[in-house]
Amino acid sequence: MVTERHAALRPPLFERELEDRAARLRLVVTDVDGVLTDGGVYYSAEGEALKRFSVRDGMGVERLRLAGIETAFLTRESSKVVEARAAKLGVRCYLGVRDKRAALPRVLEENGVALNEVAYIGDDVNDGEIMATIVQEGLAGAPLDAVPMILRRAHYRCALPGGCGAFRDFAEWILDLRDRARPHRPGG
């Protein structure tokens, strides 16, 4: 949910531009660890065993899809757990991506979108370069507990930490911006 405290973080002079950017979105790309999870990993003697995902974030994926916006996972990790979550939600999944900025052209091409039709949410330093690119034309968000550098780059700072509904919060902010954009969009 968008709270008044977090709405105030958005500069009012840019509200119309944020609405226009949200209105043309067709894809939200998300980091996984620290956004869709709390960043913790449960290990067994065999290696990575479990990650905890919020079902609220899953509903955020569904709500975006109903609005015509797809979601893709982009993560540095190569994880069968993440692959299974992506399959359950019906989203594209890019695993083992060390340089997310360098992978961006591939993500755009495979999803048939332009840079100005993309939003990104990330939480740590390895999300910095892709966010710096996307904020030029798209939208960017960060969970409440993201590192300071990422919080500074984000258009939206979520009211919730990673793994606890941050993605859903970002999705609701985007949907709210789209709803507010309708009256001033051409043909709206």
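Predicted model: local features only at pLDDT ≥ 70, side-chain atom pairs only at ≥ 80, totals over all residues.

Q: Fine. So where does Phe53 sit?

A: Phe53 is in the loop between β3 (47-50) and α3 (55-66).

Q: Buried or exposed, that Phe53?

A: Buried. Its relative accessibility is 19%, and the cut-off for buried is under 20%, so Phe53 counts as buried.

Q: Which residues is Phe53 in contact with, leaving aside its neighbours within four places in sequence?

A: Val32, Leu36, Thr37, Val81, Val82 and Arg85. Val82 and Arg85 are also among the buried residues of helix α4.

Q: And what separates the C-alpha atoms of Phe53 and Gly162?

A: 9.4 Å, although the two residues are 109 residues apart along the chain.

Q: OK, you brought up α4. Which of its residues are buried?

A: α4 covers residues 80-89, and Val82, Arg85, Ala86 and Leu89 are buried there. Around the axis they cover an arc of only 100°, so they end up on the same side of α4.

Q: Why would residues a few places apart point the same way?

A: An α-helix has 3.6 residues a turn, so residues three or four places apart point the same way.

Q: What do the buried residues of α4 pack against, and what is exposed on the other side?

A: They pack against α3, β4 and β5. The other side of α4 has Lys80, Ala87 and Lys88 exposed.

Q: What happens at the start of α4, and what follows it?

A: At the start, a side-chain oxygen of Ser79 comes within 3.2 Å of the backbone nitrogen of Val81. After α4 comes Gly90, with a positive phi near 70°.

Q: Which of the α5 residues are buried?

A: Lys100, Ala103, Leu104, Val107, Leu108 and Asn111. Looking down the axis of α5, these fall within an arc of 150°, so they line one face of the helix. The face turned away from that buried side carries exposed Ala102 and Glu109.

Q: What about the ends of α5?

A: Asp99 caps the N-terminal end, with a side-chain oxygen 3.2 Å from the backbone nitrogen of Arg101. Just after α5, Gly112 has a positive phi of about 65°.

Q: Switching to rings. How many aromatic pairs does the structure hold?

A: Two. In one of them, the rings of Tyr156 and Trp173 have centres 4.8 Å apart and planes at 15°, so that pair is stacked. Tyr156 belongs to strand β8 (residues 156-157) and Trp173 to helix α8 (residues 166-181), so to speak a link between distant parts of the chain, 17 residues apart.

Q: And the other one, what are its numbers?

A: Phe170 and Trp173 are stacked as well, at 5.8 Å centre to centre with 20° between the planes. Both lie in helix α8, three residues apart, about one turn of the helix. Together, the ring pairs link Tyr156, Phe170 and Trp173 into a cluster.

Q: What does the Glu15 side chain make a polar contact with?

A: With the side chain of Arg180, at 2.6 Å. Glu15 has its place in helix α2 (residues 15-23) and counts as buried at 15% relative accessibility.

Q: Last thing, the overall picture. How many helices and strands?

A: Eight helices and eight strands. The protein has 188 residues, and 49% of them count as buried.

Definitions and conventions. Residues numbered from 1 in each chain as written. Heavy atoms only, no water. Buried < 20%, exposed > 50% of the residue type's maximum accessible area, 1.4 Å probe, protein only. Helix = DSSP H or I, 4+ residues; strand = E, 2+ residues; numbered from the N terminus. Arc of directions from axis to C-beta. Polar contact = N/O pair within 3.5 Å; in protein donor to acceptor, adjacent residues only side chain to side chain. Contact = heavy atoms within 4.5 Å. Phe/Tyr/Trp six-rings, centres within 6.5 Å; stacked < 30°, edge-to-face > 60°.
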